[in-house]
Amino acid sequence: LIVSTIFALLMLLILRYRPRPGLVPACVIGGAAIFFVVLAVAGISIEEARGLGLLLEPSDVGFGLPFGEFASANWSILASGWGGIATVPLVATLGMLLNVNALEMIAGRDADLDRELRMVGTTNAAIAATGTPAVYHTVGMTSLGYRVGVRSRWVPVVVAATCLLAVFIGGELLALLPVPVAGGLLIFLGLGFITDWFVDRRRQMTGPEVLLMAAIVAAVATLGFLAAVGFGMIAAVIIFAIRYSAIDPVRHYGTVAEMRSTVDRPAAAQAVLTAEGDRILVVRLHGYLFFGTAKIALDRVDGLMARDPVPSIVVLDLERVTGADATGLSSIVKLVGRIVTRSGIAVVSSVPAALRTELEPVLGSMRSVEIATDLDHALEYAENSLIGDRADPVACTPGEVFGEAVWGRIRPHLRAVVAEPGDVVIEVGEA
């Protein structure tokens, strides 16, 4: 183990500061040559070295389909081991998705997950009859190629050709590979990943993310791959929920003094809005409202309603809300109830389609609550409520619209037409 670790560290240092495509095979060949030179100097034969565990055991590698053994197979074992068998596609799928994601980061480009899933599924279906274990993408060879500067499609072809060569030649040649060299190559790949993520990308990650990666590595070594994946997913979800909870659910807030509806109003109504527009508070929420952000939304809107002057109308816009869980839905209803209690009128606009079934019946049954299709209609309703009977909110004369000077010049060229409700003002295709 010590020799393998030293060999791996030397390879890592060489390739880290002097990456060359031929260095890995050169290191392997050089390491094997040094190994056999040491054996010769020490007077240790090949069989003695194999007995000491310094060389791999010869194996019978070749083609062999287990079709002849189907008749004598004990198929009842499948019934007792169905739980373990069912985990195979799950582990393979999770491993494939995680490895493809890692390969995307190594290569710096996106992968077509649908294509990759189809390819892996078709391959496993084709080789299942041969007794081959489930296969999927591997990160080691690809990362090694990128680490030494080789980004060619020939890398997997060379790997496959080497495997076929081992099949045809047999296991005798593989048995000459020294264990310290083979172990060092595996340790080198692991150290490469550790330096990539814990050293090179350390500044791109936060402390909790680094600790999570270290915990996943420890879980893989002690609990196994599947348990480590489950642990990593649960921990990642917890970290995401904590971080997402820190996002302010209030995207924007203001008053009618800063934002108005698109309705053209007469001067008297405009004067009311200019003087008292601060009494209409507009709050726009965004994101996914769940147990982590719902309380923040309640507290933020409570703080905004405590401002001076106290708003008499609050417009709550949900256009940018992407969804809500049960806690989020309850918080929206609770928030609208607080608005009515403290301010008097609540106008809820742009309720997302996914929440209409749950929200609109409840909000529609509440006193002093108006539901608007969009923010512009909500602002129009709020402005009309603020203006009240102090001025006609919509009626105005042409002189107020154009200005008396301009209206006086264009009035002689116009003809007044009075349209009653239901009259056709203009037909399609008319001049």
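Modeller: We shall take helix packing, the nonpolar cores, and then some individual residues.
Modeller: The model is predicted, so local features need pLDDT of at least 70 and side-chain atom pairs count only at pLDDT 80 or more, while totals for chains, interfaces and linings use all residues. Residues are numbered from 1 along each chain as its sequence is written, and side-chain values use heavy atoms, with hydrogens and water left out.

Biologist: How do the axes of helix 2 and helix 10 cross?
Modeller: The axes of helix 2 (residues 23-42) and helix 10 (residues 179-200) come within 9 Å and cross at roughly 150°. That makes helix 2 roughly antiparallel to helix 10. Angles under 35 degrees count as roughly parallel, over 145 as roughly antiparallel, 65 to 115 as roughly perpendicular and the rest as oblique. The axes are lines fitted to C-alpha atoms, for helices over the stretch in contact, and angles run from 0 to 180 degrees between N-to-C directions. Helices (H or I, at least four residues) and strands (E, at least two) are DSSP runs, numbered from the N terminus.

Biologist: Is the crossing of helix 2 with helix 10 left-handed or right-handed?
Modeller: Helix 2 passes helix 10 in a right-handed crossing. A crossing is right-handed if the near helix is turned clockwise from the far one by less than a right angle, and left-handed if anticlockwise.

Biologist: And which residues in helix 2 meet helix 10?
Modeller: From helix 2, Val24, Val28, Gly31, Ala32 and Phe35 meet Pro180, Val181 and Leu185 in helix 10. Contact here means heavy atoms within 4.5 Å. The residues of this contact divide into 7 nonpolar, 1 polar and no charged. Ala, Val, Leu, Ile, Met, Phe, Trp, Tyr, Cys and Pro count as nonpolar, Asp, Glu, Lys and Arg as charged, and the others, Gly among them, as polar.

Biologist: What about helix 1 and helix 10?
Modeller: The axes of helix 1 (residues 2-17) and helix 10 come within 7 Å and cross at roughly 50°. Helix 1 and helix 10 are therefore oblique to each other, and their crossing is right-handed. The residues of the contact of helix 1 with helix 10 divide into 15 nonpolar, 6 polar and 2 charged.

Biologist: Changing topic: how many residues has the largest nonpolar core?
Modeller: The largest nonpolar core has 27 residues, and those with the most contacts inside it are Val283, Leu285, Leu318 and Leu359. Such a core is a set of buried Ala, Val, Leu, Ile, Met, Phe, Trp, Tyr and Cys residues joined through side-chain atoms within 4.5 Å. Buried means under 20% relative accessible area, exposed over 50%, and partly exposed in between (1.4 Å probe, protein chains only).

Biologist: Which elements give two or more residues to this core?
Modeller: They are strand 2 (280-289), helix 14 (291-305), strand 3 (313-324), helix 15, strand 4 (345-349) and helix 16 (353-364). Helix 15 gives the most to this core, with 6 residues.

Biologist: What does Leu359 touch?
Modeller: Not counting residues up to four places away in sequence, Leu359 touches Leu318, Leu329, Ile332, Val333 and Val351. There is also a second, separate core of 18 residues, which includes Ile280, Val282, Ile387 and Ala391.

Biologist: Staying with helix 15 (residues 326-342), is Ser331 buried or exposed?
Modeller: Ser331 counts as buried, at 11% relative accessibility. Leaving aside its neighbours within four places in sequence, Ser331 is in contact with Ala294 and Leu298. Thr341 lies in helix 15 too, but counts as exposed at 67% relative accessibility.

Biologist: Which residues have a positive phi without being a glycine?
Modeller: Among them are Ser350, with a phi of about 55°, and Ser368, with a phi of about 60°. Most residues other than glycine have a negative phi. Ser350 is in the loop between strand 4 and helix 16, and is buried, with a relative accessible area of 10%. Ser368 is in the loop between helix 16 and strand 5 (369-372), and is partly exposed at 30%.

Biologist: Finally, where is Met105 found, and what does Met105 touch?
Modeller: Met105 is found in helix 5 and counts as partly exposed, at 39% relative accessibility. Not counting residues up to four places away in sequence, Met105 touches Trp197 and Arg201.
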